[in-house]
There are 2 protein chains.
Amino acid sequence: MTEATRRERLRAETERDIRRQARALLVEHGRDAVTLRAIAREVGITAPALYRYYDSREDLLRRLADDICTDLAAELDADLADIAEDDVSAQVYAVCRGFRRWALAHPQEFTLVFASTEDTLGSCAPTDDRSQVGDQFGRVFLEVAGRLIASHPLPDDLGDLDVPADLHADLTAFQQVLLATVTDRGGVVDEHVLPLGAVYHITQSWVRIYGHVALEVFGRFPFAVSNPEPMFDSMLAQILGEMGFRHLSRP
Amino acid sequence: MTEATRRERLRAETERDIRRQARALLVEHGRDAVTLRAIAREVGITAPALYRYYDSREDLLRRLADDICTDLAAELDADLADIAEDDVSAQVYAVCRGFRRWALAHPQEFTLVFASTEDTLGSCAPTDDRSQVGDQFGRVFLEVAGRLIASHPLPDDLGDLDVPADLHADLTAFQQVLLATVTDRGGVVDEHVLPLGAVYHITQSWVRIYGHVALEVFGRFPFAVSNPEPMFDSMLAQILGEMGFRHLSRP
DNA sequence: TCAACTCCGTAAACACCGTTCACTACTCGT
DNA sequence: ACGAGTAGTGAACGGTGTTTACGGAGTTGA
């Protein structure tokens, strides 16, 4: 049945165990508690044995971050599965709310993946190809953005947005990625339905969504927000409104 | 001349030394390198001696974060000193650009102060009074926001913003803080010049500014941004534009 | 089948960490 | 001048990441 040898199976199993225990330590006691010896203790081996699987503790944390991205993407995909294919605004709500919910429920993982400098923790994905999506999480957001574009005529004023000239090259590259995401899913679009102003607006939307979530996780709003959820939803409604979704389809 | 005793002077001097060396270690080698032994080595004492000044390493990091806030506030105040009292939009540019510049130049300090969960690092200020500004940095931003309000009639559509009802109480509290900031500086305003929609907009502006800066520091934009500065400036222009500053006074 | 080879895991060791404790000087108020 | 209080020390404890030499089990080919 299985092509793998006994040794390979055991190794894969141990590696899963290592990641799972490391995740548990991260979630429950924070990044500093993710200790090689603590992981080894939980798994039932000794600390130096971990070097058969990872180059260093930092390497382990990097791969852990990658795992987290993948799991988050799976969670968001599951949220999307319950939503009608054509209700794009509901999909945007689902993904953004899912991201916020996950971040608040797993602040340590959020910090590791979304609030670590690149030198203390390499990028989430090993790909050097900058035209590709960095990680699984980015893929989900990109897909929803792609559906958003393909399914809906953008308001005219988005195309007229004051896009800085210095950003044209970068935004064009991102525009191609977005268009590729759409066509990969069978959609057909040409460039004129996705003006640079719209690409810029999508980027700004990510700035706002990430900003809100991070501020909430880190408690850095300028005043005590006793109930941040309607604030987040209101922001989403405004973002969608600026993209032409005037009706309030907030599930 | 000095009222303090010899011992008090020496203690204060040592404490300054400790903070300075701790800051240097943080800036150059990151949070994990801020070890009690390394600090003590640089200062010229032994590690246990640090417990005469701080309860624990975490306590030291907390006070370090407070120092950082104060220094950042001083830096921003210095930036503001060069700007005409009545050119509020220039002041907004100065403070926001200063914040971004500082964050990019000191990513480790930014991470410690603005991207740490409250349980791994207590709040920047020990004040439990939630109606007060949390820290020195917040004070600077608040003052500029106050000048922005006092000096300029806000556009009417800001007052009509769709503010979630659940936020009314919190926003009203923040509104009072903002108004107090203005009156403390000699300005005279009454409530109707600062509708809740405007308070909400200021909060949203902080979300965007913080979001952009954090994404840049952590390299989490969805595509490689080869020149993020004009993107930031463009965002500031848009924020100011929404507040009624249509002319481009970008220094 | 049996030897050669690869690989996982171990124990010991090194240097470093935060923290506690007993102890020594020195400073200060009385 | 003397007792109290304080800054600092050195030793120690248990913990950390990492390297090294080594043993034993899995795999492979003749």
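Ile18(B) is buried, because 23 other C-beta atoms lie within 10 Å and 20 or more make a residue buried. This is a predicted model.

**Ile18(B) and its neighbours**
- Ile18(B) sits in helix H1 of chain B.
- Leaving aside residues up to four places away in sequence, Ile18(B) touches Ile39(B), Val43(B), Leu50(B) and Tyr53(B).
- Leu158(B) lies 140 residues from Ile18(B) in sequence. In space, the two are 48 Å apart, C-alpha to C-alpha.

**Chain A against chain B**
- The contact involves 44 residues of chain A and 44 residues of chain B.
- On the chain A side, two or more residues each come from helix H5 (107–114), helix H8 (168–184), helix H9 (196–218) and helix H10 (228–242).
- H9(A) gives the largest share of that side, with twelve residues.
- By class, the side of chain A that touches chain B has 22 nonpolar, 15 polar and seven charged residues.

**Surface near DNA strand D**
- DNA strand D is surrounded by 20 residues.
- The closest are Thr5(A), Arg6(A), Leu36(A), Arg37(A) and Pro48(A).
- In chain A, helix H1 (6–29) and helix H2 (36–43) each supply at least two residues of this surface.
- Helix H1 (6–29) of chain B also supplies at least two. Ile18(B) is found in that helix.
- The surface near DNA strand D comprises eight nonpolar, five polar and seven charged residues.

Definitions and conventions. Residues are numbered from 1 along each chain as its sequence is written. Chains are lettered from A and ligands numbered from 1 in the order in which they are written. This is a predicted model: local features need pLDDT of at least 70, side-chain atom pairs count only at pLDDT 80 or more; totals for chains, interfaces and linings use all residues. A residue is near a molecule or strand if its C-beta atom, placed from the backbone, lies within 6 Å of it. Helices (H or I, at least four residues) and strands (E, at least two) are DSSP runs, numbered from the N terminus. Ala, Val, Leu, Ile, Met, Phe, Trp, Tyr, Cys and Pro count as nonpolar, Asp, Glu, Lys and Arg as charged, and the others, Gly among them, as polar. A residue is buried if 20 or more other C-beta atoms lie within 10 Å of its own, exposed if 12 or fewer, and partly exposed in between; C-beta atoms are placed from the backbone. Two residues are in contact if their C-beta atoms, placed from the backbone, lie within 7 Å.
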